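Biologist: Please put the structure up, and I will ask about it piece by piece.

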Amino acid sequence: MHDHAILAGKRILLVIAGGIAAYKSLELIRRLRERGASVRAILTKAGAQFVTPLSVQALTEGTVYQDLWSLTDESEMGHIRLSREADLVVVAPATANLLARMAAGMADDLAATALLATDKPVLVAPAMNVRMWLHPATQANMALLAARGVTRVGPNDGDMACGEFGPGRMAEPMEIVDAIAAHFAAQSVPKPLAGKRALVTSGPTHEPIDPVRYIANRSSGKQGHAIAAALAALGAEVTLVAGPTRLPDPPGCAVTHIESAREMLTACMAALPTDIAVFAAAVADWRVKGLSERKLKKDGNAPPALELTENPDILATIAGSGALRPALVVGFAAETGDVVEYARAKRARKGCDWIVANDVSPGTTTFGGDDNAVHLIRADGVEDWPRMGKDAVASRLADTIAAHFGATHFQGKTP
Ligand code: PMT
């Protein structure tokens, strides 16, 4: 539970869309106001089928905004002002329909227009039937919104008003209050990397053999994506160049999706100049020479021989890119024995400032798992970090990078 004292004086614009969970939003208004937040409410036409404007008005002690074209609303408060005079916009319940309209950038009622016009952070509390929530369309809309920085609380699993069971129930009012408090707490965290640009690579590469087959590896992208998110959380402007993964794009990052090592190199070069570059991707060292334009077929003879050729080394290329070289270049080293020794040599060979070494021997689950045990190797020594979640590795690395820039700001040198 976060400290709710942080809510005092905060201005919340609450968008209540049409769902049975709208009744919980009345409770949400009360809980927010008890904690000193002020709440302005937009009630959609469908929302007004579930709660009355009068109840919302009584609880907010203010006007309930309903109509984009209402002269009264427009003269008292235009939708632009309404969307800007808030510290946070909360959509609860966020229906499948409203999420779809938000993702499409529509402005067909007051709620959608305010959400399109706002320059403030947006938190959504989805509420809908389980099939609607799990539908690829809703999931794609939510992923798109998340990539644009929209945060989410819930939905929870449970019995639903429609008689089904599963994810789709709106988070409870106190969970939403907690998420709002967490949002403001995170905002008050200092942003030591504000003004810095960072490039991060993540995930595997796929090297095509023919139009349907490829060579890949077991990287999930968890470590690299977590690093991109952690740097963004400290205020860096992050470009993530991601190989094929099953992960959603991390919040607050610009993401370029690529497949092969050569595409990754092109995307990385396009992201320069940056101050920071972290290479966590598991880039294929080789690709197939003489890629077949047609699907290779069994012809009753010996299987086809795949001739391999070396891929460009992205880390080494960028570390050696002269004037374009980021001030801090951090490589990773995936080793299966003598981890620190080999990683030290790799640091020198590839020309990076730091290298994060991890053991990828069979049984470690470093590839694909949720945890990692790494060694941070710098010119002046090695730090052995205990095994921890990949998120924790990422935030410790981001903190170390921030400390480095804090230090170099004054000392003007790389440790
Ligand atoms: O994705 P996860 O499942 O979370 O797993 C995380 C991880 C194990 C993939 C990650 O922690 C990791 O170790 N990434 C680097 C994997 C790797 O390819 O290591 P390497 O020792 O082969 O390469 C050394 C460095 O050179 C790496 O920074 C790599 O990104 C870079 N490289 C390698 C080859 C190449 N052609 N271009 C490169 O830039």
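Biologist: Which residues does Thr-366 touch, not counting those up to four places away in sequence?

Modeller: This is a predicted model, in which local features need pLDDT of at least 70 and side-chain atom pairs count only at pLDDT 80 or more, while totals for chains, interfaces and linings use all residues. Residues are numbered from 1 along each chain as its sequence is written, and side-chain values use heavy atoms, with hydrogens and water left out. Contact means heavy atoms within 4.5 Å. On that basis Thr-366 touches Asn-358, Asp-359, Val-360, Asp-371, Asn-372 and Lys-390.

Biologist: Is Thr-366 buried or exposed?

Modeller: Thr-366 sits in the loop between β18 (354–359) and β19 (371–372); strands are DSSP runs of E of at least two residues, helices are runs of H or I of at least four, and both are numbered from the N terminus. Buried means under 20% relative accessible area, exposed over 50%, and partly exposed in between, with a 1.4 Å probe and protein chains only. Thr-366 has a relative accessible area of 7%, so Thr-366 is buried.

Biologist: Which strands stand at the edges of the six-stranded open sheet?

Modeller: Two strands pair if DSSP finds at least two bridges between them. The order in this sheet is β3-β2-β1-β4-β5-β6, with parallel pairing. Each edge strand has a single partner, so one side of each is left without a neighbour in the sheet; these are β3 (64–65) and β6 (151–152).

Biologist: Over how many bridges do β1 and β2 pair?

Modeller: Strand β1 covers residues 11–16 and β2 covers residues 38–43. Ile-12 stands opposite Val-39 in β2. The two strands pair in the parallel sense, and the count of bridges is six.

Biologist: Over which residues does pLDDT stay under 50?

Modeller: pLDDT is the predictor's confidence in each residue, from 0 to 100. The chain has a mean pLDDT of 92, and 95% of its residues reach 70 or more. The model has ten contacts beyond four places in sequence for the stretch where pLDDT stays under 50, residues 410–415.
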